[in-house]
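Student: Hi, could we go through this one together? I'd like to start with the helices and then look at the packing.

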Amino acid sequence: MARKKEIPRITGTLRAKAMHLPECIHDAKGMVVLGRRIKSVIYSTDIAVIRNCDADAVLAVYPYTPQQVISQAIISASSIPVFVGVGGGLTNGFRSALISQDAEAQGAYAVVVNEPMSVSNIHLIHRVIDIPIIGTVVDYDRDEIQSRLDAGVKILNVSAAKETAEVVSKIRRHFKNVAIMATGGPTEETIAQTIKAGANSIVYTPPSIAKILMWWIHRSRRKTRREISGTCCGWCKRQVFRKHPGVCGSGCAAHPGNTIFFADNEKIVDRRCAGC
């Protein structure tokens with residue numbers, strides 16, 4: 001049995017708190033896009049998330065008309081390749097081709113066209129850019145997929161909700177060599193199923209900044225409560241909160257053996273409580 005490779009991981013004290021994508025994504029085969037191997041793709045336009053994650057690339061697609069100022073901001077801030085959305089539903093035609101051209105000039109590694117984008121429009125984009133076109137697929141239609149590949153699509157982005165693994169499997173059965181990136185779902189089990197079905201890379205949707213911040217605040221509150229109540233009897237805690245808020249000490253005379261700790265502006269103060 002082959003031993004699992006031990007990979008050295010070097011990080012900083014503060015950057016160690018970055019968002020880490022599920023380890024099982026590393027089981028994917030990956031794909032090489034313009035010389036960069038891509039296994040994990042984070043689906044986000046939030047620069048704070050993009051700068052603090054360990055993904056291999058960014059999928060920058062949003063439900064509004066694409067704007068060059070947005071793609072420029074994301075590409076400039078990102079330290080990893082960015083795949084830029086250029087339309088397909090609300091935005092299409094010659095405008096999508098111009099946005100694609102600008103995205104290439106800004107440094108995008110690929111452009112992403114949504115499922116409604118016509119084959120003729122994909123062909124137009126393919127004529128004016130030299131970076132890969134990623135075509136979004138929401139269900140399996142062999143003829144439609146073949147026509148998009150013929151028009152210039154190089155990578156298929158499968159986004160079919162709970163049926164994603166099934167759609168990936170059907171595509172892989174008939175298009176053995178095409179590059180596929182697909183949404184992995186909410187759990188490691190669904191990610192593993194998508195990889196097993198034939199996806200080269202996994203698209204991961206991170207929690208929102210609001211949810212992450214809520215988790216950190218909740219964690220901080222629990223830590224503070226443990227520091228307060230873990231070494232203090234209930235009577236002392238009540239008395240100090242009522243009579244001497246923010247004042248704390250050690251060696252309570254009224255209750256020997258109990259040590260009182262209270263947080264004062266995020267610091268643990270060590271003073272004898274006047275009330276005791």
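Student: How are α6 and α7 oriented, roughly parallel or roughly perpendicular to each other?

Tutor: Keep in mind that this is a predicted model. The axes of α6 (residues 164–174) and α7 (residues 188–197) cross at roughly 10°; angles under 35 degrees count as roughly parallel, so α6 and α7 are roughly parallel to each other. Their axes come within 8 Å.

Student: Which residues make the contact?

Tutor: From α6 you have Thr-164, Ala-165, Val-168, Ser-169 and Arg-172, and from α7 there are Gln-193, Thr-194 and Ala-197. By type, that contact divides into three nonpolar residues, four polar and one charged.

Student: Switching to the inside: in the largest nonpolar core, which residues touch the most other members?

Tutor: Those are Ile-42, Val-111, Ile-125, Ile-133 and Ile-171, out of 51 residues in that core. Helix α6 turns up again here, giving the most to this core with four residues. Apart from this core lies another one of 15 residues, including Met-31, Val-33, Val-61 and Ile-155.

Student: What does Ile-125 touch, skipping its neighbours within four places in sequence?

Tutor: Ile-125 is in contact with Val-86, Ser-96, Ala-97, Ser-100, Val-111, Val-113, Met-117 and Ile-133.

Student: New topic: is Thr-136 buried or exposed?

Tutor: Buried, because its relative accessible area is 11%, and the cut-off is under 20%. Thr-136 sits in strand β7 (residues 133–137).

Student: And which side chain does the Thr-136 side chain make a polar contact with?

Tutor: That would be Asn-157, at 3.5 Å.

How values were computed:
Residues are numbered from 1 along each chain as its sequence is written. This is a predicted model: local features need pLDDT of at least 70, side-chain atom pairs count only at pLDDT 80 or more; totals for chains, interfaces and linings use all residues. Side-chain values use heavy atoms; hydrogens and water are left out. Helices (H or I, at least four residues) and strands (E, at least two) are DSSP runs, numbered from the N terminus. Buried means under 20% relative accessible area, exposed over 50%, partly exposed in between (1.4 Å probe, protein chains only). A polar contact is a pair of N or O atoms within 3.5 Å; within protein, one must be able to donate a hydrogen and the other to accept it, and residues adjacent in sequence count only if both atoms are side-chain atoms. A nonpolar core is a set of buried Ala, Val, Leu, Ile, Met, Phe, Trp, Tyr and Cys residues joined through side-chain atoms within 4.5 Å. Contact means heavy atoms within 4.5 Å. Axes are lines fitted to C-alpha atoms, for helices over the stretch in contact, and angles run from 0 to 180 degrees between N-to-C directions. Angles under 35 degrees count as roughly parallel, over 145 as roughly antiparallel, 65 to 115 as roughly perpendicular and the rest as oblique. Ala, Val, Leu, Ile, Met, Phe, Trp, Tyr, Cys and Pro count as nonpolar, Asp, Glu, Lys and Arg as charged, and the others, Gly among them, as polar.
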